[in-house]
Amino acid sequence: MKDPDSGADAPQGGASGGVGGPVEAAAPHSGHPSSRSQGNPAPARDGRDAAPGKGQSRKRRKRRRGRKVFARDGVTPGGGANPGAAQPASAGGQAVEGKAVTDAPAAPQGQPGIGKGGAAGGQHAANGQRSRAADLPVYAALDLGTNNCRLLVAIPQRPGQFRVIDAFSRIVRLGEGLSASGRLGQPAMDRAVEALKVCADKLQSRQVRKARLIATEACRSAENGAEFIARVETEAGLKLEIIDRKTEARLAVSGCGSLVERGTDGVVLFDIGGGSSEIALIDVSRHRTPRLANHIVSWTSLPVGVVSLAERFGGRHVTPAIFEAMVEEVSGMLDRFEGRTRLSHLAAGERFHLLGTSGTVTTLAGVHLGLERYDRRRVDGLWMDNGHVDAMIEKLLGWGFEERMANPCIGPDRADLVLAGCAILEAIRRHWPSERLRVADRGLREGMLSELMADDGAWRRNRRRGAFGR
């Protein structure tokens, strides 16, 4: 399932301060990549508007029909290419939410907090009009995991919500071979650095108010993890923060708060990663506060993920016996989790369910829906009952490696990992039986964005300004 040279810094231990300061009240310089609009000519020197061209007239007609028109990424007012603008997410990356996205103003060249290289200037709308989105602060969250490198850039919307204006996702397999050697391999580090340079380029092209850039299990456990972090700062201009497992679990919960509906009593939320798997037990039976992470009653981080488990047992040719051995391996780890019974009084009820946020569960959901192309909008929030999950695991076990690779929701990047993920999922299901599993195509990045915006008062500030509109 498929989801340059500098960027914003985040200090060790938490969210960064302002990257380049607050967003200026300027018109957006770019927008939805697929827009055909080429921008507007500059006003005439005598104060009157220059004669409108065909493109400008087309924009006026669209506005009269109530349609928003956005300039294309990387296009300057004169129609030339803008080399400093952020590029759209790669073909294999995660799609940006929403059809029309409004970008924040470009960061000025030499902006503090941004590494080497410059950024393009802003682009002004016709007649000096400015989009409301230009007044909204921009926040960014980057997650470098054992298997993936992911970035989200967003602006706050209504309280508790945000709008993604740029995204990037690439499978880099940073933890490849880590379980055997204890070190990050050179090819894996090279792949990760190249992906991080793309992320840095995207951050460079925007005036980011606050960012948080994290690394997880691969960098956490590797002997040369700190050396790699130093290399990233030197070559990509990004200072990554290696977070601990408790923080990782909390961020996963924060990112999924909106998927725990009212009337729910208890949830076991799990995030199956490449090198570790975080599990949080959440009790909302008595009261509910805006931050779901406040209701964690117990949590654990298993030192196993899809990459490490597949490397140990093999991921290409998985027999039912090998699959069961993987399940037992993970079950033994869960048996040693002392807080595993903290939701026993709720688990038997109908208001208890599992909530999975990982490539494993989103893959199962995509296969279950028979998608010819992965569609986040159909997967995120999907409910699957026990029969559906059983059927999908059985189907994948019956497929050979080539068949898994040919499935559009699995592909060559996950074909040797998906059954290891299913084994971790199966161990979780056996320990916390539930009739329902909810699928989340969200996680650490969304959790970071939510916490950044809440801590910065973005929703309170913009509500006062009326920036959200009606």
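**Entry 1: ground rules.** I call a residue buried under 20% relative accessible area, exposed over 50%, and partly exposed in between, using a 1.4 Å probe and protein chains only. My helices (H or I, at least four residues) and strands (E, at least two) are DSSP runs, numbered from the N terminus. This is a predicted model, where local features need pLDDT of at least 70, side-chain atom pairs count only at pLDDT 80 or more, and totals for chains, interfaces and linings use all residues. Residues are numbered from 1 along each chain as its sequence is written, and side-chain values use heavy atoms, with hydrogens and water left out.

**Entry 2: helix α12.** I looked up which residues of α12 are buried, and got Val389, Met392, Ile393 and Leu396. Seen down the axis of α12, these buried residues fall within an arc of 95° (taken from the directions from the helix axis to the C-beta atoms), so they line one face of the helix. On the face turned away from that buried side I found Glu394 and Gly398, both exposed.

At the start of α12, I saw a side-chain oxygen of aspartate 385 within 3.1 Å of the backbone nitrogen of glycine 387. My polar contact rule is a pair of N or O atoms within 3.5 Å; within protein, one must be able to donate a hydrogen and the other to accept it, and residues adjacent in sequence count only if both atoms are side-chain atoms.

**Entry 3: helix α15.** This one covers residues 418–431. Buried or exposed? Mostly covered: 12 of its 14 residues are buried, among them Cys422, Glu426 and Arg429.

**Entry 4: the sheet.** I traced an open, mixed sheet of 6 strands, in the order β8-β7-β6-β9-β11-β10. β8 and β10 are the edge strands, each pairing on one side only. Two strands pair if DSSP finds at least two bridges between them.

**Entry 5: strand β6.** I then zoomed in on β6, residues 266–272. How many of its residues are buried? I got 7 of 7. Gly266, Val268, Phe270 and Ile272 point one way, while Val267, Leu269 and Asp271 point the other.

β6 runs parallel to β9, joined by 5 bridges, and valine 267 stands opposite histidine 353 there. With β7, the pairing is antiparallel over 7 bridges, and phenylalanine 270 stands opposite isoleucine 279. A hairpin of 4 residues links β6 to β7.

Conventions: Expected span 1.5 Å × (residues − 1).
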